Amino acid sequence: MQVHEPGPFADTPTQRAADRRKFRRAINVTLATVLLLLAIYFGVQPHLNLAAWTVAPHSTQSLLGLLTAPLLHGSVEHVMANCIALCILLPLTLMVYPRATLRGLPLMWLGSGLGAWLLGTPGTHHLGASGVTHGLLFLVMTIGLIRRDRPSIAAALIAFLFYGGMLLTVLPQEAGVSWQSHLGGAIGGVLAGVLLRNSDPRPPRRRYAFEDESEPDDPQAPIRFPGSDPR
């Protein structure tokens with residue numbers, strides 16, 4: 001099978017260089033995010049009155065927690081689980097939808113806190129980045145369903161392969177787990193996916209030889225097959 005190179009749909013050196021730059025940026029942003037969460041957990045949290053920086057449902061005094069709660073975690077297992085999820089979902093979204101991810105992050109971030117604030121049980125405290133990771137998953141799934149081009153479908157399948165279980169954790173599953181923030185982050189991811197689905201251009205694709213084959217000029221001309229006698 002032949003491939004036309006170069007061309008408007010070709011995998012050119014320029015495109016490969018752009019993909020490498022995009023990949024490096026995605027990895028750098030992910031590493032910086034993970035290191036920030038670890039630094040806050042091990043270096044800052046021990047010196048904080050943690051309850052004052054979390055989301056306390058229906059409490060106006062905890063509105064600051066809408067901004068700070070995703071940066072805080074309740075245990076080593078909690079922070080590590082979210083860091084691992086970010087190491088998979090954040091590079092994936094930044095590689096395929098860099099603009100939609102960055103522009104949609106406030107929706108996922110605030111959605112996570114608002115879900116906990118509106119739906120949580122009074123007297124509880126909600127914290128952690130899991131609402132944001134749910135938002136990233138639902139962002140990828142939503143754009144994949146809407147755009148349905150090859151990269152979008154591939155990204156949605158990869159995200160579902162690793163974290164498809166998140167589709168269920170937006171509902172009450174386990175005591176002590178903030179499904180409310182998961183649901184809020186997921187709604188933020190869906191909204192971001194719908195609103196920002198065209199923020200990133202569709203990537204160029206390879207164009208194969210058979211796509212350029214045209215019909216015979218004479219519609220009455222007999223069809224010739226390879227190896228057939230032209231007489």
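Let's start with arginine 21, which sits in helix α1, residues 13-44 (helices are DSSP runs of H or I with at least four residues, numbered from the N terminus). This is a predicted model, where local features need pLDDT of at least 70, side-chain atom pairs count only at pLDDT 80 or more, and totals for chains, interfaces and linings use all residues. Residues are numbered from 1 along each chain as its sequence is written, and side-chain values use heavy atoms, leaving out hydrogens and water.

Arginine 21 has a relative accessible area of 41%, so it is partly exposed (buried means under 20%, exposed over 50%, partly exposed in between, with a 1.4 Å probe and protein chains only). Together, Arg20, Arg21, Arg24 and Arg25 make a surface patch of positive charge (patch residues have over 30% relative accessible area and no salt bridge; like charges are joined within 9 Å, and nonpolar side chains within 5 Å). A salt bridge puts a side-chain nitrogen of Lys or Arg within 4 Å of a carboxyl oxygen of Asp or Glu.

## A nonpolar patch

Leu107, Leu145, Ile146, Ile187, Val190, Leu191, Val194 and Leu195 form a nonpolar surface patch with about 690 Å² of accessible area together (by the Shrake-Rupley method). Helix α7 (179-195) gives the most, with 5 residues. Leucine 107 belongs to helix α4, residues 98-119, and is partly exposed at 34% relative accessibility.

## Two positive phi angles

Arginine 148 is not a glycine, yet its phi is positive, about 55 degrees. Arginine 148 lies in the loop between α5 and α6 and is exposed at 63% relative accessibility.

Histidine 58 also has a positive phi, near 70 degrees. Its place is the loop between α1 and α2.

Definitions and conventions. Accessible areas come from the Shrake-Rupley method with a 1.4 Å probe; for residues, only the protein chains shown count as cover. Lys and Arg count as positive and Asp and Glu as negative; His and the chain ends are not counted. The place of a charge is taken as NZ of Lys, CZ of Arg, CG of Asp or CD of Glu.
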